[in-house]
Amino acid sequence: MTSVNSAAHILDKQLKNRIRRYGPMTIAEYMNAAAEFYYSQGDVFGVGGDFTTAPEISQAFGEMIGLWSAVTWQAMGMPKPCQLVECGPGRGTLMSDALRAARQVPGFLESVEIYLIERSNALKTIQGETLKGHKTVWHSSISDCPDGPIILIANEFLDALPVRQFEKTKDGWRERQVNIDKTEQFCFTLRTTLSEDFNAPINANIGDIFEVSPAVTEFIGMVSARIVRHGGAALFIDYGHKASALGDTVQAVKGHKFHHILDSVGTADITAHIDFEAVIRAARSVGANIFGPIEQGIWLKRLGISVRGALLAKDQAPSVATELESGIRRLIEPNAMGALFKVVAIVHPGLPSPEGFSQSGSYE
Ligand SMILES: C[S@@+](CC[C@H](N)C(=O)[O-])C[C@H]1O[C@@H](n2cnc3c(N)ncnc32)[C@H](O)[C@@H]1O
C-alpha cells in the first residue's frame, strides 16, 4: 500500500468513526474533509495526475488573465499598492504566466502585492518554486489579506468548495447525508427531519435533488463586500449553470476518469457545478456590479487569445506549432472547454465594463 493510500485509509476510518459517534455527515462536510486530504498530497494535476486545468493546457490562458488584470488595474486608477490575489493557485502556473504577460504594462508589477489563498502545504511548496523571483504571501483565507484595492483571480476554485444537497420526498425536502451501511461502506441516506432553511425550487418532483453552496455564497459575499469597500475587481472561471437548476452535480475524478464520490475517500478530486445565479445574487446583495456569466471561449477570443496563439506557434517546428494550436482550440472550442466553462467578473460600481464583457453587465 502506498503512503497516500494508507493515509487515505486513515481518513476513511476517521470519517466512519465520526459518523458512528455523531451520526451521518452532510455532503458538504464529507466533500470538505475529502478535499482537504486530497489536495494535501501535492501535485495532482496534468497528464500524470487526475485532471488537467486550463493554465496547464496553454500558457496563453494565464497570459490573457494577466493582461486583463493589468488593464483592470489601469481602470482602477493604477493604485499602489494593489493586492493581486489568486485563490486556489494549483501549481502556480496561471500566476506565473499572468505576471510575465502583465510586465508589458508599465508600473503594474511594481504596484501589486501578490497573495495566494491556498490551504495545502504541499501545493504552497510547488507554487513557491513556480513563482521563484516574485515576492508572494500565502494565506488560507481571503479574510487574512489586508484591506485595500484588490484584483482577485480564481480558476476552478469555486467548484472545489462544498455543497449541501436536498432531496424532494413525499413529505417535503430532506438533506442528503453520508452514512455507513451494514457492510461498513459509505452510503447515502436522508435526514429524518425535514429541511426548510434554503430557497427550495417550487417545480420539483419526488426524487429531485437541489444543491446549495453556503461556502460559495459566503465567499462571493465576502469578496464583493471588499471590492465595494476598497475598490477593485474579481474574475472567476468555472463550470456550472447560468440559472439555478435541479440536479446532482457532485462528481469525483481520478486518473482522468469518473470515480464514485463515496469510493476510497480522499483519493479523487470532488467538485460540484457552480450555480451562477446564486453567485450573482450574493455579489449584488452587497452592492457590487457583476458581469457574465459568459462562455470561456467567447471571453478568451475577445481578449485576443487566437492572435497570441498564432504568435506563439510562429517559427516553431511543425509538431510544436500543432500542439500549441490544439491547446488554444481546447480552451475555446464549444465542444471542448469553451462553452462548459464560464467567466464572471465582480467589479466596484464605479468601474467601467471589464475587458471581454459586453456593456450590458448581465447574462451573455
Ligand atoms: C482544481 S484546483 C485549481 C488549480 C488552479 N487554479 C488551476 O487552474 O490549475 C483547486 C485549488 O484550490 C485549492 N483549494 C481548494 N479548496 C480550498 C479552500 N477551501 N481554501 C483554499 N484553497 C482551496 C486547492 O488546494 C487547489 O490549489
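Tutor: Two residues are in contact if their C-beta atoms, placed from the backbone, lie within 7 Å. Leaving aside neighbours within four places in sequence, Ala321 is in contact with Ala313 and Gln316. Please note that this is a predicted model: local features need pLDDT of at least 70, side-chain atom pairs count only at pLDDT 80 or more, and totals for chains, interfaces and linings use all residues. Residues are numbered from 1 along each chain as its sequence is written.

Student: In which helix is Ala321 found? Is Ala321 buried, partly exposed or exposed?

Tutor: Helices (H or I, at least four residues) and strands (E, at least two) are DSSP runs, numbered from the N terminus. Ala321 is found in helix H12, residues 318-332. As for burial, a residue is buried if 20 or more other C-beta atoms lie within 10 Å of its own, exposed if 12 or fewer, and partly exposed in between, with C-beta atoms placed from the backbone. Ala321 has 16 other C-beta atoms within 10 Å, so it is partly exposed. For a sense of distance, Ala321 and His259 are 62 residues apart in sequence and 34 Å apart in space, C-alpha to C-alpha.

Student: How many helices and strands are there in the protein? How does one judge how compact the protein is?

Tutor: The protein has 13 helices and 16 strands. One compares the radius of gyration, taken over C-alpha atoms, with the globule rule, which is 2.2 Å times the number of residues to the power 0.38. Here the radius of gyration is 21 Å, close to the 21 Å that the rule gives for 364 residues, so the protein is as compact as a globular protein of that length. The C-alpha trace spans about 65 × 50 × 40 Å along its principal axes. Of the 364 residues, 42% are buried.

Student: Which residues touch the most other members of the largest nonpolar core?

Tutor: In soluble globular proteins, nonpolar side chains tend to be buried together. A nonpolar core is a set of buried Ala, Val, Leu, Ile, Met, Phe, Trp, Tyr and Cys residues joined through C-beta atoms within 7 Å. The largest one holds 71 residues, and Leu235, Val279 and Ile346 touch the most other members. Helix H4 (residues 59-75) gives the largest share, eight residues. Apart from this core lies another, of 22 residues, among them Ala8, Ala28, Tyr30 and Ala252. To return to Leu235, its contacts beyond four places in sequence are Ile65, Trp68, Ile153, Val343 and Ala345.

Student: Which residues of helix H9 are buried, and what covers them?

Tutor: In helix H9 (residues 276-284), Phe276, Ala278, Val279, Ile280, Ala282 and Ala283 are buried. Their cover includes helix H8 (214-230) and strands E10 (232-241), E14 (274-275), E15 (289-295) and E16 (341-347). Strand E15 is itself mostly covered, with five of its seven residues buried.

Student: How many bridges join E15 to E16?

Tutor: Two strands pair if DSSP finds at least two bridges between them. E15 and E16 run antiparallel and are joined by five bridges. Phe291 stands opposite Ala345 in E16.

Student: Where are the cis peptide bonds and the positive phi values?

Tutor: Most residues other than glycine have a negative phi, and most peptide bonds are trans. In this model, the bond from Lys80 to Pro81 is cis, with omega near 0°, and Pro81 lies in the loop between H4 and E2. Met78 is found in the loop between H4 and E2 too, and its phi is near 50°, a positive value. Another cis bond joins Gly292 and Pro293, with omega about 5°; Pro293 lies in strand E15. Asp315 also has a positive phi, of about 65°, and is placed in the loop between helix H11 (305-313) and H12. With 8 other C-beta atoms within 10 Å, Asp315 is exposed.

Student: Finally, which residues come nearest the ligand?

Tutor: A residue is near a molecule or strand if its C-beta atom, placed from the backbone, lies within 6 Å of it. Of the 19 residues around the ligand, Tyr39, Thr53, Gly88, Gly90 and Asn155 come nearest. Helix H2 (27-40) and helix H3 (54-57) are the elements that give two or more residues to this shell.
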